[in-house]
Amino acid sequence: MGMMTCERLFEIFDAHADKDVLEWVGHCHDCRTPVTIRAIPQTDGVHIEGGGVYEPEPDRFYLKCDACFHKDPSLKNYQPCEVYSRVVGYLRPVAQWNDAKQEEFRDRKVFDSSLR
Ligand SMILES: [Zn+2]
């Protein structure tokens, strides 16, 4: 239970085969701040930006904002009946970004589920 694995993220990407970015929109589980989290598959792993994504039950996603995620990356006291987020996807070809944006993209840290 907890952070999604890269394998599960790629499964979700497969289910949204026409998308190259997945986006979860909802509220932080801990502080209730509105949060948007994106997952972008790269050759070196899935890059996550905006906080943390959890899937304690199949297809039920819980989010944490960056601040709460860094304070405590584990998901505690989740309410099974509440669904905080939805997953959507969209296309955003990296090649069309400007140089600064691509630089930032390359600098993003890699999500590594083995650390959890
Ligand atoms: Zn928060």
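In the predicted model, R38 is partly exposed, with a relative accessibility of 23%, and takes part in salt bridges with two glutamates, E23 and E49. The closest N and O atoms of the E23 and R38 pair are 2.8 Å apart, and this pair links distant parts of the chain, with E23 in strand β1 and R38 in strand β2, 15 residues apart.

In total, the structure holds 7 salt bridges. A network of such interactions links R8, E11, E55 and D59. A further salt bridge joins D72 to K76, with the closest N and O atoms 2.8 Å apart; here D72 is partly exposed at 24% relative accessibility, and K76 is likewise partly exposed, at 46%.

D72 is also involved in a contact through its backbone, the oxygen of which lies 2.5 Å from a polar atom of the side chain of K64. The K64 side chain additionally reaches the backbone oxygen of S74, at 2.6 Å. K64 itself is located in strand β5 (residues 60-65) and is buried, its relative accessible area being 1%.

The zinc ion is coordinated at 2.3 Å by the SG atoms of C28, C31, C65 and C68. The angles among the 4 donor atoms range from 102 to 114°, and the site is accordingly tetrahedral. Along the sequence, the donor residues follow the spacing C-x2-C-x33-C-x2-C. Because C31 lies in the loop between β1 (21-27) and β2 (34-42) whereas C68 lies in helix α2 (residues 66-71), this pair ties together parts that are 37 residues apart in sequence. The two residues fall into separate accessibility classes: C31 is partly exposed, with a relative accessible area of 35%, while C68 is buried, with a value of 7%.

Leaving aside residues up to four places away in sequence, I12 touches M4, L22, W24 and F61. The C-alpha atom of I12 is separated by 9.3 Å from that of D59, although the two residues are 47 positions apart along the chain; D59 is also one of the members of the salt-bridge network with R8, E11 and E55.

Methods:
Residues numbered from 1 in each chain as written. Predicted model: local features only at pLDDT ≥ 70, side-chain atom pairs only at ≥ 80, totals over all residues. Heavy atoms only, no water. Contact = heavy atoms within 4.5 Å. Donors = N, O, S within 2.8 Å, 3.2 Å for Na, K, Ca; no water. Tetrahedral: all angles 85-135°; square planar, octahedral: opposite > 155°, others 65-115°. Helix = DSSP H or I, 4+ residues; strand = E, 2+ residues; numbered from the N terminus. Buried < 20%, exposed > 50% of the residue type's maximum accessible area, 1.4 Å probe, protein only. Polar contact = N/O pair within 3.5 Å; in protein donor to acceptor, adjacent residues only side chain to side chain. Salt bridge = Lys/Arg side-chain N within 4 Å of Asp/Glu carboxyl O.
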